Amino acid sequence: MTADQSQNRARLFVRPERRNRGQIDAALQLFSHQGYRATTVRDIADEAGILSGSLYHHFDSKESMIDEILSTFIDQTLASYESVVAEGKGPKETFEGLVRTSLESMVDSRSAILIYQNEARFLAAEPRFSYLTAAHRKFEKIWTDVLKKGVKSGEFRDSIDPKLVYRLVRDTVWTAPRWYRPGGSLKPERIIDQYLAVLVDGVAAH
């Protein structure tokens, strides 16, 4: 591949702001509801209301579409976590902030979260998606660093294992989008308040 071809590829596959949003939205819905492997390019084109051939003007494959969905979701999640940590608050408030921003994303990024949960392990084995494993490690480090600081400062119980707590919180928080229904009677604010009450109390020193 020549330098010019590499630059063209970069412009095509790293600049999501230039994409047809309708195509990504269609892929989000289909991948999250029926799965990545069960979804065809024709399915996505039909959902987006375009011809299959038109889809290839923006993406070379459905793999490129899920790549954009997952990489965008991970970038946004890491940015939100890093923003919480950058506020420089104490471990308890930072922990609360991480829980809150994770749960808030179940409203705006529900489909992307479901795709990440369902497909990340399968895709991570592919070289193109090696960033998924790296992202998992970054997520874990951010959370466990906060938990370790809380134990050291005396804000959190000294009996907790930061890695185990992180896994418990991760599994608890990231499964919420599976049962949360937008527009339902259970509002996001109530869910967040309930989760915070239980999770923060669970790690806080008494």
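The structure is a predicted model, in which local features need pLDDT of at least 70 and side-chain atom pairs count only at pLDDT 80 or more, while totals for chains, interfaces and linings use all residues. Residues are numbered from 1 along each chain as its sequence is written, and side-chain values use heavy atoms, with hydrogens and water left out.

**The overall picture**

- The protein chain has eleven helices and zero strands; helices (H or I, at least four residues) and strands (E, at least two) are DSSP runs, numbered from the N terminus.
- Along the principal axes, the C-alpha atoms of the protein chain fill a box of roughly 60 × 45 × 30 Å.
- Of the 206 residues in the protein chain, 41% are buried; buried means under 20% relative accessible area, exposed over 50%, and partly exposed in between, with a 1.4 Å probe and protein chains only.
- Among contacts between residues at least 6 apart in sequence, 71% join residues at least 24 apart; a contact means heavy atoms within 4.5 Å.

**The nonpolar core**

- In soluble globular proteins, nonpolar side chains tend to be buried together.
- Here, the largest nonpolar core has 55 residues, and Phe31, Phe95 and Val99 have the most contacts inside it. Such a core is a set of buried Ala, Val, Leu, Ile, Met, Phe, Trp, Tyr and Cys residues joined through side-chain atoms within 4.5 Å.
- The elements giving two or more residues to this core include helix H2 (21–34), helix H5 (62–86), H6 and H11.
- H5 gives the largest share of this core, nine residues.
- Leaving aside neighbours within four places in sequence, Phe95 is in contact with residues including Trp143, Phe156, Leu199 and Val203.

**Two helix pairs to look for**

- The axes of helix H6 (residues 91–108) and helix H11 (residues 188–203) come within 10 Å and cross at roughly 145°. Axes are lines fitted to C-alpha atoms, for helices over the stretch in contact, and angles run from 0 to 180 degrees between N-to-C directions.
- Residues in H6 that meet H11 include Phe95, Val99 and Leu103, and their partners in H11 include Ile192, Leu196 and Leu199.
- The residues of the contact of H6 with H11 divide into 13 nonpolar, no polar and five charged. Ala, Val, Leu, Ile, Met, Phe, Trp, Tyr, Cys and Pro count as nonpolar, Asp, Glu, Lys and Arg as charged, and the others, Gly among them, as polar.
- The axes of H2 and H5 also come within 10 Å, crossing at roughly 90°, so H2 and H5 are roughly perpendicular to each other. Angles under 35 degrees count as roughly parallel, over 145 as roughly antiparallel, 65 to 115 as roughly perpendicular and the rest as oblique.
- Gln23, Ile24, Ala27, Leu28 and Phe31 of H2 make this contact with Lys62, Met65, Ile66, Glu68 and Ile69 of H5.

- Ser64 is in helix H5 and counts as buried because its relative accessibility is 3%. Its C-alpha atom is separated by 9.7 Å from that of Arg128, 64 residues apart along the chain.
- Glu140 sits in helix H8 and counts as buried at 15% relative accessibility. Not counting residues up to four places away in sequence, Glu140 touches Lys163 and Tyr166.
- Tyr180 lies in the loop between helix H10 (176–179) and H11, and counts as buried at 5% relative accessibility.
- Not counting residues up to four places away in sequence, Tyr180 touches residues including Met106, Arg110 and Ile191.
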